Structure formats: structure tokens, C-alpha cells
Amino acid sequence: QMQVRSVENQINLAETRWLARGAIDWARTMLLYDARKSSVDHNGEFWAVPMSDTKVADAEDGGLREGYLSGRITDEQGKYNVLNLALKGEIDEVELAHFGALLEVLGLEQGYARPIAQAVADTQISADSESSLPKALPMMLPDDLLRVAGVEAGMIDRLRDYITFLPRNGNDVVKINLNTAGPEVMHAVVPVLSLQQAQALVARRDQAGEYFNNTGDLVTRAKAVGATVETSDLGRTDIATSFFRVKGRIRYDRALVSLEALVYRSGSSKTSVLWHQEY
């Protein structure tokens, strides 16, 4: 009986994992459909609506095995991209200032910005390097910052909801989506906005549903909160997104699987999974 139950559990787990893969494919289909409908991404769109427990049932001779799927898609470009801090082994001083501002507004020591930027640079091959290998392995998750001297788990927990690790496309930085960025990130990348002014803009955006159709909308609305923003201040911002995080939870019979994946959307014709994990 124990052996039979063990085999049943393994079968249930395998089927649950296939459901998890199906959930990722469902998310990719939703994102492609969205890209064909609109070139603007914001949290009022259908892809951003969380999926509550959705029942799945599988008929078998003994009755029904019930399963439940829940999850959501979130915009990763509403967070600060730590990998913007360096390019080809050289620290980007503009991004360093942005990241330092984010640390400060979160109540963290700004002095950590440069060591973290150097750690990112060490994962890249510099233009004048004779070696074909970087000094360190790539960073993919917030916990990778533990390799930086002085960075502790408490600091990472404080940063976790505000940072991400997204690959740069050539020399271009990954831009912040003004439609999904929180006030702390908006203030960091548009430093002419105070935190209070950024909070007012985000509140109007989210509560009234007045999303930005272009970056020029922020220039206009900033005047209403007492800020003067020039178009040149918004060179590292956007109103669309290419990177999304998919989170899901699948319970099928006695098996339970949680999943997380980073999906890259290229235009309206292609998506790819950059990484995914199950736990």
C-alpha cells in the first residue's frame, strides 16, 4: 500500500508540474494577445488581473481528482533594474546616481551603491579585457547581492520589491515603465520629482486610472503637483514593457507546486522564458 501510494504521489506531482508549464504558456499567450491590442502597458489591463483559484478536474474511474490553479502576471519594468548599473565592465554613473537615490529613499546606506555596481561590472567582460571570461557569475535574483561585502539579508529583504535583474539589449538600458513604477522608483529615475510629487502622480494614475499614453503625459501632469519635468529627464523611462514575471500555484490532488518565471516579450509575435523555478 505504501509503494502504491508513493507511485500515486509521484504521478500526481508529475501531472501538477505539467499543469505549471501550461500556466506559463497561458501567460505567454495572454501577453502576446495584449501586445497585438495595445502598445501601452499598465496595471489596468487584463493580463494584470490576478487569477483566483480556478478549478480543474480530471475524470477517472474512482471519481474526480480536483485541482486548483491561481496566479498572476506582474510587470518587471516597474522595478529598478540592477543590471543597468554597468555595461561591458564599466559602471554607468547616471544609473549609479539613480540606484543611490533609491537606496536613500528606502532608508538604506547610499554607500552600498558603488560596491553593488562594481559587483555587476565584474559579471561582464570589459571592452579592453584580454580574457574571454568575466570575473564573476551573472546575477539573476536579489539574493545574489549577498556576494557584495557588507550586504546582509535584511537589506535584500528591504530591496526585494523594488529591484529586478533584467538583461540589457546591447548598449541600451532597460527602461522603467512609468505606468507600473512605484513612487520610490519613479523618484529615483526622475530625480527632479520629489518623493511626495511622485506619490501624488502615482496616486492619480492608479486611483483614477489615468495611465500615461506617452512620456510627455508625465511632463504635463507634473505641473499639477508643482514639479517641472523636461522631456530630457525621461530618457530612461517608457510606457511599455518587455519583461514580465509570472507567479502561480497549482494544487492537484495531493500534490502542490508553486512556480515563478521571467518572460521576455519581443513585439507582438514572440515570447521566451528566460528562467523559471518550481518549489
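This section describes the overall build of a predicted protein model and then several of its residues.

Because the model is predicted, local features were required to have pLDDT of at least 70 and side-chain atom pairs counted only at pLDDT 80 or more, whereas totals for chains, interfaces and linings use all residues. Residues are numbered from 1 along each chain as its sequence is written, and side-chain values use heavy atoms, with hydrogens and water left out.

The protein chain contains seven helices and 11 strands; helices (H or I, at least four residues) and strands (E, at least two) are DSSP runs numbered from the N terminus. Along the principal axes, the C-alpha atoms fill a box of roughly 70 × 50 × 35 Å. Of the 279 residues, 43% count as buried, where buried denotes under 20% relative accessible area, exposed over 50%, and partly exposed the range in between (1.4 Å probe, protein chains only). Contacts are defined by heavy atoms within 4.5 Å. Among contacts with a separation of 6 or more, 59% involve residues 24 or more positions apart.

The protein chain exposes about 14500 Å², of which carbon and sulfur atoms supply 50%; accessible areas come from the Shrake-Rupley method with a 1.4 Å probe, and for residues only the protein chains shown count as cover. There are 30 positive and 38 negative side chains, and the centres of the two sets lie 3 Å apart. In this count Lys and Arg are positive and Asp and Glu negative, while His and the chain ends are not counted; the place of a charge is NZ of Lys, CZ of Arg, CG of Asp or CD of Glu.

Aromatic pairs were assigned to rings of Phe, Tyr and Trp (its six-membered ring) with centres within 6.5 Å; planes under 30 degrees apart count as stacked, over 60 as edge-to-face and the rest as tilted. The count comes to four aromatic pairs. One of these is formed by F243 and Y264, a tilted pair with 4.9 Å centre to centre and 45 degrees between the planes. The pair links distant parts of the chain, with F243 in strand 9 (residues 243–252) and Y264 in strand 10 (residues 255–266), 21 residues apart. F243 is buried, at a relative accessible area of 6%, whereas Y264 is partly exposed at 26%. Elsewhere, R21 lies over the face of W18, at 4.6 Å from the ring centre; the criterion is NZ of Lys or CZ of Arg within 6 Å of the ring centre and within 35 degrees of the ring normal.

T54 lies in strand 1 (residues 51–60) and is partly exposed, at 36% relative accessibility. Not counting residues up to four places away in sequence, T54 touches G67, Y68 and L69. The C-alpha atoms of T54 and S70 are 6.3 Å apart, with a sequence separation of 16 residues.

V151, in the loop between helix 3 (113–121) and helix 4 (153–159), is buried at 7% relative accessibility. Leaving aside neighbours within four places in sequence, V151 is in contact with Y112, I116, L145, L146 and I156. V151 and Y112 are 39 residues apart in sequence and 7.8 Å apart from C-alpha to C-alpha. E230 occupies the loop between helix 7 (215–224) and strand 8 (237–238) and is partly exposed at 45% relative accessibility. K88 lies in the loop between strand 4 (86–87) and strand 5 (90–91), and its phi is near 55 degrees, a positive value in a residue other than glycine. Most residues other than glycine have a negative phi.
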